[in-house]
Amino acid sequence: MFRKHRAKHPKVIQNNELKSERDRVPESPVTPVSKNSLQFYCQLAHGSPTGFVSGFTNIKELYEKIAESFGIPASEILFCTLNSYRIDMSKLLGGQIGLEDFIFAHCKGRPKEVELTKTEDALGLTITDNGAGYAFIKRIKEDSIIQNIPVIKIGDHIEKLDGISMVGKRHFDVAKALKNIPKDTTFTIRLVEPLQSGFASIAPKSSKGIAGKKNVGSGKETLRFKANGSAEIQEQDDIMDIGLEKINGVLESFLGINDSELAAQIWDMSTNKQNSMDFAEAVDDSDLASFQFTDDVIIELWGAITDARQKRL
């Protein structure tokens, strides 16, 4: 496994565009955010009046503010989507929010238990989490074991595996627990589905993600959550967006997880790194070392990052 001071190092891949100043990709301008500087409109996805939230700099605080706005426990919120009340994983709130985005919070609905047999090595699930203790299903692979069980759906929170609580565990822990179930084993999975929407068709007629703030109608700025718990306003960066998508593709292929915030942290880790060895050492010296990325994962991540920075994607 990938460990600090490992004897075997991944093959060094040079990042040629970082050797020359004229080829460097400029970093997006950023503006630090104070807790009360922004206000976002929000609704409960299953139906509610419109509220607004402010005073947060991370996902967990956001959920607490939404819960406070609607008078519900924060533990009732499974995840949020942006600009859509539907359970649409392409609209999932991750590591950033557009300054004009409208937030829809999806709350806990009906629990269900399913007994199934793991007839293949992989179940066909991609797991993500809400950053506040709930892992849930983001994608179901076609022709997989899970696709043939209609009661299991995208958006379902994985609450227990064989009676063992998954609440409070990160997506990679849940994915690992599922992967470690031996083939041909029968097990029970307890899920909690999101409350079904009561809206026929709803969306803000005009985007007003910030109350009282002018000149923010371009849609080119986002509030980005940082790994250290802070947040900042950042210009939209198409190159970075492509890079994050490709990083998530690597994470999904190797680990069975999808996490925009983690992908952004990995992207930041690559800044000013000249080659895959520098990048690997930076990962070793950070909290990302707990993932124990293999050499193959490091090389694939570096390849995705350099492809995006060199605009080969």
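The expected span of a helix is 1.5 Å times one less than its number of residues. In this predicted model, helix α6 has 15 residues and reaches 21 Å from its first C-alpha to its last, close to the 21 Å expected.

**Helix α6**
- The buried residues of α6 are D295, V297, I298, L301, W302, A304, I305, T306, A308 and R309.
- Elements that cover these buried residues include α3 (238-255), α4 (260-269) and α5 (276-284).
- After α6 comes K311, which has a positive phi, near 60 degrees.

**Nonpolar cores**
- The largest nonpolar core has 50 residues, of which I158, L178 and I266 touch the most other members.
- Helix α6 (residues 295-309) gives the most to this core, contributing seven residues.
- Beyond four places in sequence, the contacts of I158 are I127, A135, F136, I137, M166, V174, L178, I189, R190 and L191.
- Another core, of 31 residues, lies apart from the largest one and has V53, Y63, L82 and F136 among its members.

**Residue D156**
- D156 is located in the loop between β8 (135-140) and β9 (157-161).
- The side chains of D156 and K112 are joined by a polar contact of 2.9 Å.
- Leaving aside neighbours within four places in sequence, D156 is in contact with K112, A135, F136, I137, V151, L191, V192, E193 and P194.

Methods:
Residues numbered from 1 in each chain as written. Predicted model: local features only at pLDDT ≥ 70, side-chain atom pairs only at ≥ 80, totals over all residues. Heavy atoms only, no water. Helix = DSSP H or I, 4+ residues; strand = E, 2+ residues; numbered from the N terminus. Polar contact = N/O pair within 3.5 Å; in protein donor to acceptor, adjacent residues only side chain to side chain. Contact = heavy atoms within 4.5 Å. Core = buried A, V, L, I, M, F, W, Y, C linked by side-chain atoms within 4.5 Å. Buried < 20%, exposed > 50% of the residue type's maximum accessible area, 1.4 Å probe, protein only.
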